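Have the model open while you read.

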Amino acid sequence: MDLDPWSLLKASLEGNDSGTAILSIDRSSKKSEILIKNQIFASLEPEFDLNTFLCKKIENSDFSTELIYITNGTILEASFGKFQFPEGKKNKEYTKFFIKDITTKQRQEEEIAWRLRFELGVASSIQILIQQPSIREGLPQAIYQLLYFTEMDSVFFLKYETVGKKDFFKTWANERKTTKYPLLPEKCQTEDWYDLGLGRWVHKLKKGKTIYLDPNKALPREKWFFEQTKAETILLIPVRFENRFLGVMGFFKYKQNSPIEHENLLIYQTVSRWMGLFVQRDLDLTELNRYKSTLESLVLERTVALTKTKEELEHAYRAKTEFLAHMSHELRTPLNSIIGFSKLIQLPDSDETGKEYLNYIYTGGTRLLNMINEILNLMKIESGQIQIQLTSFKPEDICRQTLDLIQPQANAKGMEIRFRPPLQSKVIHSDGGKIQQILLNLLSNAIKYANHPYIELDCEWAEGNLEISVRDFGPGISEEDQNRIFHTFTRLNDDGKIEGTGLGLSISQGLANRLGGSLELKSQLGQGSIFKLKLPEIIK
Ligand code: ADP
């Protein structure tokens, strides 16, 4: 059977899922003619003015794809394809012409784009709230995002507050797409919502329920709200945190009969849940700041009190130092007379008792004078009044002079002092008198507290420092007493048999520090003690 080529072509077009036609266009006159078409094409053809469309296309030689919007809402896609037709006439060209109904596809794409935009708006508004340290600063901007990316015309956040038993809502943010739309009525901020006839709403919101209303569904007493706000649809969603009612997210639409889709409603509720988190964070921060400022003022108060106490103490301390220095001086003068005159009084040899009493006066006076001298010395060190007299000398010379002075005390106890001078004879730049005072005290202690045939006095240079050690083989000092003995008036095992004031070591340590050095103790009970005086070669 011999089939005609046109019938074959037509049969092949029927297999297409879009309306397809073969078009011939006269090269010179630009007139077009549809040669064959499939059934889909035939059914779509009456939907629009095919002739005008083709004329325009051919005239402009524009064969790009084009969307044709039809008033009933249908969207058609028209496109052209090259077509080789060897049997055709020379003065004509042939084109394949497709028309497709893409209404559903287009609607779906628009819907997806809208949803993307919507979700982008929600995400970016949440992002703003996350980034801002305070919700008050971020809220208007966040709400703006919601407005511009969603279907809503007005969005607001009302913070819930109670005064006594009254329910109030304070506007934290109220943004509109244009200023044509009114803001929330002023009385919504200042009056109890129950008194405004909106008690049903508050009741529901507090229970966590969403209010989604249009004027037709509103109760008569609620109608004024729609009239004043001009809203056609209102959506009020409770903002909560852990069952605590914090406020309301509100949304208005001004277009009539424009319901909110269920899916979108869920998204608005999600936004409101997030809001709960941010509001709570804001409340926590405010509370924290309140504590912080109370704490700061408390610290300030305490600091002032402490400074005052410190000043009072310093004043008292200065007064004490001055008093003691003064008193010591006052005491010294009459004491010197007592001691001096007790020495001068000549009693007959027969007056044994008188001589004994005189001796008491003399030794008692001397002891008292020593103590007063030491107190005076300590006061001077503590108040920083002690004067340093710097000279250059060899330390071994000072050691020898000190030995000469202390020798009688050692002899009286039958003790030997073994002295080891430094291997390297070097000059020190320091206060010789003060060093001697320290050494006298250390040696005198060693003689007083140790019962051993000898004590040792070592003088050496170590790493540029002078080290003078006084070593005894006496009772030693327990670890816990080693710190204590440098405190004023501390005496160990004070049974009154050994004379002393408990001031010598405090004075010695104070002097050592004043000379830029230190006084250290190494001791073990039963093994004896080593007091080491460390001094720099030159006082800095
Ligand atoms: P004082 O000797 O006048 O009591 P110090 O301040 O010089 O005062 O000494 C404080 C106390 O430390 C002494 O009372 C004594 O108990 C103890 N002490 C000092 N040196 C030695 C020592 N070499 N061995 C044992 N105890 C000592």
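A polar contact here is a pair of N or O atoms within 3.5 Å; within protein, one must be able to donate a hydrogen and the other to accept it, and residues adjacent in sequence count only if both atoms are side-chain atoms. You're looking at a predicted model, where local features need pLDDT of at least 70, side-chain atom pairs count only at pLDDT 80 or more, and totals for chains, interfaces and linings use all residues. Numbering starts from 1 along each chain as its sequence is written, and side-chain values use heavy atoms, with hydrogens and water left out.

**Around the ligand**

- Leu 505 puts a backbone N or O atom 2.7 Å from an oxygen atom of the ligand.
- Gly 502 also uses a backbone N or O atom, 3.1 Å from a ligand oxygen, while Asn 445 brings a polar side-chain atom to 2.9 Å from an oxygen atom of the ligand.
- On its own the ligand exposes 530 Å², and the protein buries 96% of that (Shrake-Rupley areas, 1.4 Å probe).

**H11 and H12**

- Helices here are DSSP runs (H or I, at least four residues), numbered from the N terminus.
- H11 (residues 395–412) packs on H12 (residues 432–449) at about 35°, with axes 9 Å apart; the axes are lines fitted to C-alpha atoms over the stretch in contact, and angles run from 0 to 180 degrees between N-to-C directions.
- Contact (heavy atoms within 4.5 Å) involves residues including Leu 403 and Ile 406 of H11 and Leu 439 and Leu 443 of H12.

**H10 and H14**

- H10 (residues 352–382) and H14 (residues 504–514) pack at about 35°, with axes 10 Å apart.
- Among the residues making this contact are Glu 374 and Leu 378 of H10 and Ile 507 and Leu 511 of H14.

Note on methods
Helix = DSSP H or I, 4+ residues; strand = E, 2+ residues; numbered from the N terminus.
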